[in-house]
Amino acid sequence: PTSHFRRCAQEGTAHPRQNISYQGKAITERFFNLKMTSKALVVGAGAIGLRTALELLRRNVRVVLRSPEHPLHHSTCSMGAGGLWMPFHCDDPRVDSWAASTLDELLLEAKSTDDSAVEIVPTILLKRYHNGPIIENYVVAKGSEGVENSSSKVSPLPSWTSDPRLDFQHLSVEMLSWQNNVHQLRIPSQDDLVNAGYRFCWMFKPPIVDAPKKLQSMLNEVGQHPMTEDVNVKTGKYYATVREMINEAINLGCDTVVNCTGLGSRDLCSDPTVVGARGVLLHFDRTCERMEKFASMANDAAILTEEPSWASETDNCYLIPRGDVIVVGGTYLEGDNEQSIRPEEKERIIKNAQLLGVDTDKSPSIGEWTGFRPYRPTTRLELEDRADVPNGFKVVHNYGHGGSGWTVFAGAAREVASLLDV
């Protein structure tokens, strides 16, 4: 097949080997000598790395998988994540397509078996102000010729909200309360929400990934796949440079290396734009006791907000049912390197749990977690042009997905495969 770069080049210039650029970067002659990947070293075993390895295996590429820590190690960001599908702090124009591709996969998996690592959970995002579409957003303007100008129809909502499979609604909390007479979701009452300053909300039905279960499932699939040559996800070794990673790939007989090291890429790639966005969580048993106001409700819901009075952009308030636990958070603190949950953070999250229905006196937390989302102004998902590698050798980077790892992991993996022409 025509290579990704050759195709882009031919679309952009009459002479494909002169003055070529892709995503603002020059494409050198070396790209035209690349062959289809046959064996890849994938470095990193979080959601991004495991799904990337699987995508290559499913496309008949032999894979060697390496990671310094097991996917279920407490330091792994993917393991501790809430697992909710929703683009969050991943500022890249390609996110919508990656998220849609991932949504396709997760919705299918949620319906596949009763023991799936994915479930569909009604989700409420609390808002103080309307911030949604009004009639004027849908008035179709007519030009001087009397022709409708569809470009005038603009919604202030994110584009992902238009996917009909999510059953997205923009509601007042009064409308939410009416609907909940039927849905019986474990959510705060209308009075409690209004008193806290929340008068509107988004309601939708996204997939939520049981992160530990899904990571183990993907690791098992990688390990059992006939195209897998070797798996070592407890090497304890952190590559100091990309060059060191390339040397190992060459020694292993690989013609490609894919870097999925997340926050580790800050040092590995000398990339100061990668920042750890610290998050802290408490875990409660999924069957925990609920506050009296919530006890009569039968069905779980995820509840989130980044707005006052319960939260802020850095001190979030959320409750996410995930597998056999309820995850309550949280924080979004870029550049904060504290490895453990602070006492004042734990106190605030316990308060969040109470606000969102957990009776913490009868059901104390069963665990806590601190992790660092790999935020980058734009995700680095690209084929790097390096002069210091053998002819035909490929280096792909796939990191910097912010708080959207479980939202884009499958779509990003397919993008890697596209870059490698497999």
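**Close-up views of a predicted model**

**View 1. Polar contacts of arginine 386.** The side chains of arginine 386 and aspartate 388 are joined by a polar contact of 2.8 Å (a pair of N or O atoms within 3.5 Å; within protein, one must be able to donate a hydrogen and the other to accept it, and residues adjacent in sequence count only if both atoms are side-chain atoms). The model is predicted: local features need pLDDT of at least 70 and side-chain atom pairs pLDDT 80 or more, whereas totals for chains, interfaces and linings use all residues. Residues are numbered from 1 along each chain as its sequence is written, and side-chain values use heavy atoms, leaving out hydrogens and water. Arginine 386 also makes a side-chain polar contact with glutamate 384, at 3.4 Å. With 15% relative accessibility, arginine 386 is buried (under 20% relative accessible area; exposed is over 50%, partly exposed in between; 1.4 Å probe, protein chains only).

**View 2. The loop residue threonine 241.** Threonine 241 is located in the loop between strand S12 (228-232) and helix H8 (242-251) (DSSP runs, numbered from the N terminus: helices, H or I, of at least four residues; strands, E, of at least two). Its relative accessible area of 36% makes threonine 241 partly exposed. A C-alpha separation of 7.7 Å relates threonine 241 to aspartate 267, 26 residues apart along the chain.

**View 3. The six-stranded open sheet.** The strand order is S12-S4-S3-S13-S21-S20, with mixed pairing (two strands pair if DSSP finds at least two bridges between them). S12 and S20 are edge strands with a single partner strand each, so one side of each has no neighbour in the sheet. S20 and S21 run antiparallel and are joined by five bridges.
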